[in-house]
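Subject: Structure handover

Hello,

Here is the structure for you to look over. My notes follow below it.

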Amino acid sequence: MEKLGIDNVENALQPAAVMRPLTKPLGTTDVAINYYELEPGDSFAFAYHCHEVQEEIFYIQSGTATFETDDGEVYVETGEIIRFPPGEFQRGWNHGNERVTALAFGAPLEYGETVKLRDCPACGTATNHDIERRTAPEASDEQVAFSVCKTCGSETGEWTKGSIPGEVP
Ligand SMILES: [Zn+2]
């Protein structure tokens with residue numbers, strides 16, 4: 001048995017005000033669990049993406065999440081839950097005025113191949129991206145995440161912990 005206070009888990013670098021990864025602290029072996037708080041403008045993910053192997057489930061505890069999908073935008077209200085099977089593209093946002101709190105589950109733990117689509121101005125279209133990390137130049141203890149177009153190598157976004165997401169300027 002493992003019991004955990006979610007607030008005791010350190011915040012991770014994601015395009016959300018708060019993302020507490022619970023998988024390792026809980027010691028889960030077959031499911032990934034993350035706790036999210038999204039301020040208006042934040043996102044659950046760095047890109048419009050799909051996983052080859054892992055299915056993803058989002059339970060919205062408060063606020064309204066908006067998911068980009070191949071079928072258009074889907075609104076998930078407080079108390080609702082949504083599931084994406086492996087291979088289905090999605091990206092969740094907070095497009096509302098109220099903070100979104102949510103739990104996200106993914107199973108199995110492995111992703112398989114993940115395609116991360118972002119608009120690349122240099123390529124003029126949405127391309128597959130890598131998300132990489134580097135140390136911030138001003139503060140060596142601060143990590144910065146950035147997205148790199150796999151086609152042309154351009155950087156298309158940058159994020160710091162708890163920041164409003166750094167979409168293409
Ligand atoms: Zn590109």
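Two residues are in contact if their C-beta atoms, placed from the backbone, lie within 7 Å. Among contacts in the chain between residues at least 6 apart in sequence, 58% join residues at least 24 apart.

This is a predicted model: local features need pLDDT of at least 70, side-chain atom pairs count only at pLDDT 80 or more, and totals for chains, interfaces and linings use all residues. Residues are numbered from 1 along each chain as its sequence is written.

Overall picture. The chain has 1 helix and 13 strands. Helices (H or I, at least four residues) and strands (E, at least two) are DSSP runs, numbered from the N terminus. The order from the N terminus is β-α-β-β-β-β-β-β-β-β-β-β-β-β. The radius of gyration is 16 Å, close to the 15 Å of the globule rule for 169 residues, so the chain is as compact as a globular protein of that length. That radius is taken over C-alpha atoms, and the rule is 2.2 Å times the number of residues to the power 0.38. Along the principal axes, the C-alpha atoms fill a box of roughly 50 × 40 × 35 Å.

Domains. The assignment gives domain 1 (6-114) and domain 2 (117-160). Such bounds come from an automatic or database domain assignment. The two C-alpha centres lie 20 Å apart. Domain 1 puts 6 residues into the contact, and domain 2 puts in 8.

The sheet. An open sheet of 5 strands runs in the order E1-E2-E9-E4-E7, with antiparallel pairing. Strands pair if DSSP finds at least two bridges between them. E1 (18-21) and E7 (81-84) are the edges; each has a single partner strand, so one side of each has no neighbour in the sheet. E1 pairs with E2 (residues 32-38) over 4 bridges, in the antiparallel sense. Arginine 20 has tyrosine 35 in E2 as its bridge partner.

Burial. Of the 169 residues, 29% are buried. The cut-offs count other C-beta atoms within 10 Å of a residue's own, placed from the backbone: 20 or more is buried, 12 or fewer exposed, in between partly exposed.

Is isoleucine 60 buried or exposed? Isoleucine 60 is buried, because it has 22 C-beta neighbours inside 10 Å. Leaving out residues up to four places away in sequence, isoleucine 60 touches Ala65, Val76, Glu77, Thr78, Glu80, Val100 and Ala102. Phenylalanine 89 is 29 residues from isoleucine 60 along the chain, and their C-alpha atoms are separated by 19 Å.

Best wishes
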